[in-house]
Amino acid sequence: MKNKNSQNLNVRKINLNAESLKFTFIKDGNYKDEISINTGIKYVCERFFKGDIPKDDEVEISIYYVEETALSNKALMNNNEKLICDHKLLTEIFHKNVGDVISFAEIEEVNHKYFDVIAGVPESVIEIQFTKKKFTLILILRAIMHVLKFKGLEIVG
């Protein structure tokens, strides 16, 4: 689905780095503020997941950590902003292009497929390529969008 409202003046850009998740606030096209939290992809992988495929309890603890870390800073709550991200794996995972919007429901759908792999269903049956990095990216996005109340994420270049 294409975002028809690319002129939204309140934008929140997220950068999923190795060690942190950085939120950049843009208002009326100008940089306003920046907040980083310790929920980067590598950070979450190394802190919570012991093997190539995480165990259920490791996943639950990591989700709780990401959600609570995001909720601990009230300034991160959605304030009628458009959420954007330029992470290169988004186009690969979702088979979408720059400018497309990924809905929360689409993130949930992929998240459920990854959970099926964790539960033991073969990747070939689900038709998804599981990597810990992709799974962690989706886990973080799903958790922050859920608790911060974002309904979609636009892929930017």
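A residue is called buried when its relative accessible area is under 20%, exposed when that area is over 50%, and partly exposed in between, as found with a 1.4 Å probe and protein chains only. This is a predicted model, in which local features need pLDDT of at least 70 and side-chain atom pairs count only at pLDDT 80 or more, while totals for chains, interfaces and linings use all residues. Residues are numbered from 1 along each chain as its sequence is written, and side-chain values use heavy atoms, with hydrogens and water left out.

**The whole chain**

Begin with the cartoon, where the chain has six helices and six strands, these being DSSP runs numbered from the N terminus (H or I of at least four residues for helices, E of at least two for strands). Followed along the sequence, their order is β-β-β-α-α-β-α-β-α-α-α-β. The C-alpha atoms fill a box of roughly 45 × 30 × 20 Å along the principal axes, and 49% of the 157 residues count as buried. Among contacts (heavy atoms within 4.5 Å) between residues at least 6 apart in sequence, 66% join residues at least 24 apart.

**Stop one: Thr24**

Select Thr24, which lies in strand S2 (residues 21-27). Is Thr24 buried or exposed? Its relative accessible area is 10%, so Thr24 is buried. With residues up to four places away in sequence not counted, Thr24 touches Val11, Arg12, Lys13, Asn15, Tyr31, Asp33 and Glu34.

**Stop two: helix H2**

Next, select residues 56-71, which form helix H2, with 16 residues and a reach of 23 Å from the first C-alpha to the last, close to the 22 Å expected at 1.5 Å a residue; the expected span is 1.5 Å times one less than the number of residues. Show the side chains of the buried residues of H2, among them Val59, Ile63, Tyr65 and Val66. The cover over the buried residues of H2 includes strand S3 (30-37), helix H1 (41-48), helix H4 (104-118) and helix H6 (132-148).

**Stop three: helix H4 and its end**

Move to H4, whose 15 residues reach 21 Å from first C-alpha to last, close to the 21 Å expected. Its buried residues include Phe104, Ile107, Val110, Tyr114 and Ile118, and what covers the buried residues of H4 includes H2, helix H3 (89-94), strand S5 (101-103), helix H5 (123-126), H6 and strand S6 (152-155).

Now centre on Ile118, which lies in H4 and counts as buried because its relative accessibility is 13%. Which residues is Ile118 in contact with, leaving aside neighbours within four places in sequence? They are Ile53, Pro54, Asp56, Val59, Phe130 and Phe135. The C-alpha atoms of Ile118 and Phe130 are separated by 9.2 Å, although these residues are twelve apart along the chain. Just after H4, select Gly120, which takes a positive phi of about 110°.

**Stop four: two loop residues**

Most residues other than glycine have a negative phi. Select Asn80, in the loop between H2 and strand S4 (82-85), where phi is near 55°, a positive value in a residue other than glycine. Asn80 has a relative accessible area of 64% and is therefore exposed.

Finish at His95, in the loop between H3 and S5, where phi is likewise positive, near 55°. With a relative accessible area of 72%, His95 is exposed.
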